[in-house]
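Please go through this protein chain for me. I would like a short report on a few of its residues, its surface and its overall fold.

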Amino acid sequence: MHRNYLLCILFFVTLNTLSFAAPKVLSLNKFVRSSLKNHPIVGMTHSNYLSAVFKTESVNSIYDTNLFLNAYYSKGSLNTFTNLFNEDQSSLYGNFGINKIFPKYGTQLNASASYSRQL
């Protein structure tokens, strides 16, 4: 009797273990999603794509228009003839410009303006 009881428990434990270990059905959509998400070649392909996009963007930056502005203030100046420093003289300088490159035609266009004033 005790032996039959033990065999019955062993049978149910084995049946329960096999039911949990049974493979689950995997649909095609889940398989494809999981493969695209976890496969290393897909990640490498995505990184190659991003690398190509960044290289293209860096090449296209030559078509940008460049603006520049430079300004500075100077207090005091050195006399060029006597090498004496004059503290009362001050100056204001400014430079503004635009630069555009046309690589298709091999042309570069520059326009700039300068300003200087003794204060």
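## Asn99 and its contacts

Beyond its neighbours within four places in sequence, Asn99 touches Asp64, Thr65, Asn66, Gln108, Leu109 and Asn110. One of these, Gln108, also pairs with Asn99 through a polar contact. That contact runs from side chain to side chain, at 3.1 Å. The model is predicted.

Asn99 sits in strand E2, which covers residues 85-102. Is Asn99 buried or exposed? The relative accessible area of Asn99 is 15%. The cut-off for buried is under 20%, so Asn99 counts as buried.

## Ser91 in strand E2

Strand E2 also holds Ser91. Which residues does Ser91 contact, leaving aside its neighbours within four places in sequence? They are Tyr72, Tyr73, Ser74, Arg117, Gln118 and Leu119.

Gln118 is the polar partner here: its side chain and that of Ser91 are joined by a polar contact of 3.1 Å. Ser91 has a relative accessibility of 6%. Ser91 is therefore classed as buried, because the limit is under 20%.

## A nonpolar patch around Phe31

Leu26, Leu28, Phe31, Val32 and Leu36 make a nonpolar patch. The area of this patch is about 520 Å².

Phe31 belongs to helix H2, residues 28-38. How does Phe31 count in terms of accessibility? Its relative accessibility is 48%. Exposed requires over 50% and buried under 20%, so Phe31 falls in between, as partly exposed.

## The chain as a whole

How many helices and strands does the protein chain have? There are 3 helices and 3 strands. Along the sequence, their order is α-α-α-β-β-β.

The protein chain has 119 residues, of which 4% count as buried. Asn99 and Ser91 are among the buried residues.

Contacts between residues at least 6 apart in sequence give another view of the chain. Of these, 39% join residues at least 24 apart.

Notes
Residues numbered from 1 in each chain as written. Predicted model: local features only at pLDDT ≥ 70, side-chain atom pairs only at ≥ 80, totals over all residues. Heavy atoms only, no water. Helix = DSSP H or I, 4+ residues; strand = E, 2+ residues; numbered from the N terminus. Buried < 20%, exposed > 50% of the residue type's maximum accessible area, 1.4 Å probe, protein only. Contact = heavy atoms within 4.5 Å. Patch = residues over 30% accessible without salt bridge, like charges linked within 9 Å, V, L, I, M, F, W, Y side chains within 5 Å. Areas by Shrake-Rupley, 256 points an atom, 1.4 Å probe, with all protein chains shown as cover. Salt bridge = Lys/Arg side-chain N within 4 Å of Asp/Glu carboxyl O. Polar contact = N/O pair within 3.5 Å; in protein donor to acceptor, adjacent residues only side chain to side chain.
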